[in-house]
Amino acid sequence: MTMIIMIITLIVCLLVGIPAAFSIGLSTLLYFVIERGFFNVPDLMVVNRTIFGMDSFVLLALPLFIIVGKVMNESGVTNRLFDFASSLVGHFRGGLGQVNVAASMIFSGMSGSATADAAGLGAVEIKAMKDAKYPARFACSITAASAVIGPIIPPSVALVMYAIFANVSLNQLLIAGILPGLLMGIMLAIFVAYEAVKNNYPSEKRATLKTILLTGKKSILPLLTPIILVGGILSGIFTATEAAAIGSLYAIILATVVYRTISFRKLYNIFKSSMRDSAVVMILIAVSNVFAWILIREQVPNYFTDLVVSISENYYIVMGLLVIFLSLMSMFLSTIVSISIATPVVVPLVLEVGGDPLHFGIVMVLTLIIGELTPPVGMVLFAIKRVGDIEFVELIKGVVPYLIALYLVVILIVIFPQIVVFLPNTFL
């Protein structure tokens, strides 16, 4: 009964607009207030569980990845990356749509955030496509869809969160996102090509080898960022947390010394913004750890597993049900909140049916990230609406075909887990 009251309290708090961290904190506090009437819960235990949630070396990667994304977003490299992508694929039918996807895939290796991609690189992409007379719906919808590649290709804040709550290797999880991220780009490119041919969208003039080399030269230093991050982890030179530190240092040097597009005063503001964002996530992790302890203590994961297994023990049916469950959750909660609440409940079920928590981590994060493209709480949609100055309903209509493309990727990685686990198993 107390558990039900706690869940209802959490839902009500979220519905009335109380921030997620405080909603989870208030509901867990109510649980202990009620339960103290039946047994004595030591206050020190609650404090210990809260602190334990933040006592993780892996968690150090979180603020560092945030700094990398913010510095790269503010440094002006987006134009360089867009020009380089344009020289490579702009000559295809609907060329700027393909450029949009290619640029987002490249930028994903630096930002790790769908919203950062949408707000930063998205502004450049949408302006270029509108100037080239592409329909606003097409420009904004493909920009929104390509932005969700960000949290899959490393670095990724969402994957850091899952690694903490599921207790899996962050090194392996980050590397596991590379092939699914590339597959997302390929699938979106196929859908862009179909729509471009169907609507006879224009193509850009084929770039000369000189132009490709020139734009590539201008982009080479930013392009080294994902190479340093991924290459260092794959080679075993440093861990994911150390990679985050080196990546943030490299991004800062690039922006302040090489390009000189960020002043030290602006860098200070970026640090403050990163600290605030990190603090929000840290508080969420702290209270979510207590929430997860309560769920485990009340055997909620066991009940959930028994419920789903009573429907079917088939691995693929269970994974399909989980994808539907996560998709519904992502419509109302942000990705980070969904990971912190759902991971302790669903991972035991995945293990029960013979699944791999590493593989499921990519399935879960990808499914939740797609929710950023669905109302009512689609953060990427709201970012693109603001940047692209488009009606919300028009944007949703344009995004629908790309939702199909992205869910096809989810289906493929569920059916073929090797897409996810091949790189980690081969190199780590």
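1. Lysine 70 is partly exposed in this predicted model, with a relative accessible area of 24%. Its side chain meets that of aspartate 277 in a salt bridge, with 3.0 Å from N to O. The two partners belong to distant parts of the chain, since lysine 70 sits in helix H4 (residues 61-74) and aspartate 277 in helix H15 (residues 264-297), 207 residues apart. Aspartate 277 likewise counts as partly exposed, at 32% relative accessibility.

2. A further salt bridge joins lysine 266 and glutamate 74, whose closest N and O atoms are 3.4 Å apart. Because lysine 266 lies in helix H15 and glutamate 74 in helix H4, this pair ties together parts of the chain that are 192 residues apart in sequence. Lysine 266 is partly exposed, its relative accessible area being 32%, and glutamate 74 is also partly exposed, at 39% relative accessibility.

3. As for accessibility, aspartate 131 is partly exposed, with a relative accessible area of 49%, whereas lysine 127 counts as exposed, at 54%. The two residues fall into separate classes because the exposed class begins over 50% relative accessible area.

4. For the structure as a whole, the number of salt bridges is 5, and the pairs described above are among them, including the one between lysine 266 and glutamate 74.

5. A separate matter is the cysteines, and a reader may ask how many disulfides a search of the whole structure finds. The search returns 0 disulfides. In general terms, a disulfide is a covalent bond between the sulfur atoms of two cysteines. Among the cysteines, cysteine 13 counts as buried at 9% relative accessibility, and cysteine 140 is buried as well, at 0%. Both cysteine 13 and cysteine 140 are classed in this way because buried means under 20% relative accessible area.

Methods:
Residues are numbered from 1 along each chain as its sequence is written. This is a predicted model: local features need pLDDT of at least 70, side-chain atom pairs count only at pLDDT 80 or more; totals for chains, interfaces and linings use all residues. Side-chain values use heavy atoms; hydrogens and water are left out. A salt bridge is a side-chain nitrogen of Lys or Arg within 4 Å of a carboxyl oxygen of Asp or Glu. Helices (H or I, at least four residues) and strands (E, at least two) are DSSP runs, numbered from the N terminus. Buried means under 20% relative accessible area, exposed over 50%, partly exposed in between (1.4 Å probe, protein chains only). A disulfide is a pair of cysteine sulfur atoms within 2.5 Å.
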